[in-house]
Amino acid sequence: MKTNDLILQTVTKVAAFVIILFSLSIFLGGHYSPGGGFVGGLMTSSAIILLLLAYDLKTVAGILPVDYKLFIASGLLLSVLTASGSLLFGVPLMTHAFTYVDLPLLGHISLHTAVLFDLGVYLVVVGVTMTIIQTIGESE
Amino acid sequence: MNNLTILPVLLPLLTGIILLFVTKSIIIQRILSMLSSIIGIGIAGTLVYNVSAHGIIALAVGSWEAPFGIVIVADMLASLLVLTTTIIVCAVLIYSFYSIGEAREKFYYYAMVQFLLVGINGAFLTGDLFNLFVFFEVMLMASYVLLALGGTKVQLRETIKYLLVNVIASALFVITVAYLYSVTGTLNMADLSRKIAEIGQPGIITVIAVSFLIVFGMKGAIFPLFYWLPGSYAAPPIPVIALFGALLTKVGIYSIFRTYTLLFYHDQGYTHTLLGILGILTIIIGIIGAVGYWDLKKIIIYNIIIAIGVITFGISLMNEQALIGTAFYIMHDMIIKAALFLLIGIMIKLTGTNNLREISGLIRTYPVLGWSFFIAAISLAGIPPFSGFAGKLLILQGAAAESAYLGMAVVLLSSLFVLYSVMKIFINGFWGEEKEYPKKDIPYKKLLFPAVLLVAISISYGLGTEFVYPFISQAAETLLHPDIYLDAVLKE
Amino acid sequence: MEILMAIVIGILFTCATYLMLSKSILRIIIGTGLLSHGAHLLILTMGGLKRGAVPILTDKIQDYVDPLPQALILTAIVISFGVTAFFLVLAYRTYQEIGTDDMDQLRGTKHNE
């Protein structure tokens, strides 16, 4: 059966990008305000799922030709390596470090090792969610 | 501050993640997991040595000091269990190389074994109740995958039940943690121990203690909550059963051990009596199953339940001898159960059936298998000088000191029935007329190696009791005097 | 407020129990979902319900919310999310393989093996 998804598809083209950008903003803002890797990751994957709904698995796989299982693995690796980085400095595992820098345009911002950890979480969440959706979705 | 404590968790985690990248090459996966588990044994050995030399080592993760942050605490019991676990995983991995099959190896089998190890080691080492829940879940998640991996009908069917039971147990765990948090305002075990000692364990804490007993009892399969175990454990292939049977239930029992000696020890008249009764009933149920079945896997699986009953009974006695005995017995049982599962695994491979009635006369062709099984069997039953003896003897002495004569009688009788159930396998399976079995090409010697290795470790554990004793008595010392644990963690 | 929460949690647990006792796997999965929701609400309630500022150290604010229950809930949510997803895939796979979602027929006795 062929359905007419024109409205959904047109909206999705715009909305998906807005959602992804917003999710990135939430991910980075998660530092001193509500947000972070988990929420950001869920939101990004919801954008991809919206694409999946509007188009189909094949089209989306064409747009984003990635293996989401590798997302999980690399996210985990990033998080664990960040956490165990503190072993090198002889402090307890997962001890974080931060500093403040002045960058042109962005101004006075804080840099934090927790962001790297959170990036790992972000990748894992996107990877896990998309793997689940694909696993259930592809065999119809 | 000592990062050594976290390494038994970190190493398998890192290995597991790297294995996720190399699923295509089985050889690399095998080499990596073997390498990691050998290094793991080294680390665990160092940990045991350090704890015996310097006492409990605590690590405040992320430099957030206890009671505010999560602490990883290596006391003697935990480090010894970690060492035992890594050794068993190493042996089972060797066995897996030749028996688990390419399909499973390509679908994250080795990675999942590593994640299972993360969960188990983490659960042993953590000093925070909620963190214990998290490590439990890591372990369970890996176990779900290992149980379902392969996707045969029996496995899928049993995984659903196993999963459901554990989901409910986990929800109950969360609920109980919530209650405990609302009463005490902390989840750090050392801090909890101090606060509960201050308020002297009123009724509400006892209720929470019993809820924890239900939660851990469900995972550890003690008396009314064991019903899921025989079915689920019979479904997966032998290496997975060996891992589950040797390790998973022990984690549940270890948690009871930890909470009932560190936190809820003020109202022993109620909680520990209950524990003792449940232990005895568990033994009886296990005996009924072990004696009644003629299925190789089922007999050993019911022997797990018997062992859990004995351990639970040992914990309930709460005196020095009984605790030393229990700690002895847990480790003995982990090693010997893994060995037995691997041995019957070889029998099943050789004959193509797990019905004991269809097997006989194996000893003529496979003498090493037969005699290893014999040694493992009498060691399981606790015949001196093998490893089951010392633990049981100490538990019985402890029971005598508490005048728990009924329990003593049941534990003694259980040894007899255990002996009967495993001798049933030996006499029927190895003696008698030789039978023709459909010829199958199996790497007999390679499969036998890890099993014999475990039996040898078990023998030396039994013969070297004198050598091991100081370590275990140090473990029991900490369990009997929570202050040692408190001082090490809270550093006041 | 605590009483209201207690009632809500009770209702959630009741529904969860009812659903988990039914035969269809899908209902059981929904039941486990409700059960974990109930448990999470329970943590929230047990941590103490109060209004307060975000628990980040600043000078002006006196009244903080307890951050620990929220951290616990987030962890528990993530875990139950993962488990539920696995359960769904497992149930689907079982349905494909065995062709039923009736727990009665998944009993595994000799009769229906």
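**Exercise 1. Find how many salt bridges the rule gives across the interface of chain A and chain B.**

Step 1. Apply the criterion: a side-chain nitrogen of Lys or Arg within 4 Å of a carboxyl oxygen of Asp or Glu. Step 2. The rule finds 0 salt bridges between chain A and chain B. Step 3. Sort the side of chain A that touches chain B by class: 11 nonpolar, 5 polar and 1 charged residues. Here Ala, Val, Leu, Ile, Met, Phe, Trp, Tyr, Cys and Pro are nonpolar, Asp, Glu, Lys and Arg are charged, and the others, Gly among them, are polar.

This is a predicted model: local features need pLDDT of at least 70, side-chain atom pairs count only at pLDDT 80 or more, and totals for chains, interfaces and linings use all residues. Residues are numbered from 1 along each chain as its sequence is written, chains are lettered from A in the order in which they are written, and side-chain values use heavy atoms, with hydrogens and water left out.

**Exercise 2. Describe the contact and the buried area between chain A and chain B.**

Step 1. Count contacts (heavy atoms within 4.5 Å). 17 residues of chain A touch 19 residues of chain B. Step 2. Take the buried area (accessible area, 1.4 Å probe, lost on putting the two parts together, summed over both). Step 3. In chain A, Val80(A), Pro92(A) and Leu93(A) lose the most area to chain B, together 36% of what that side buries.
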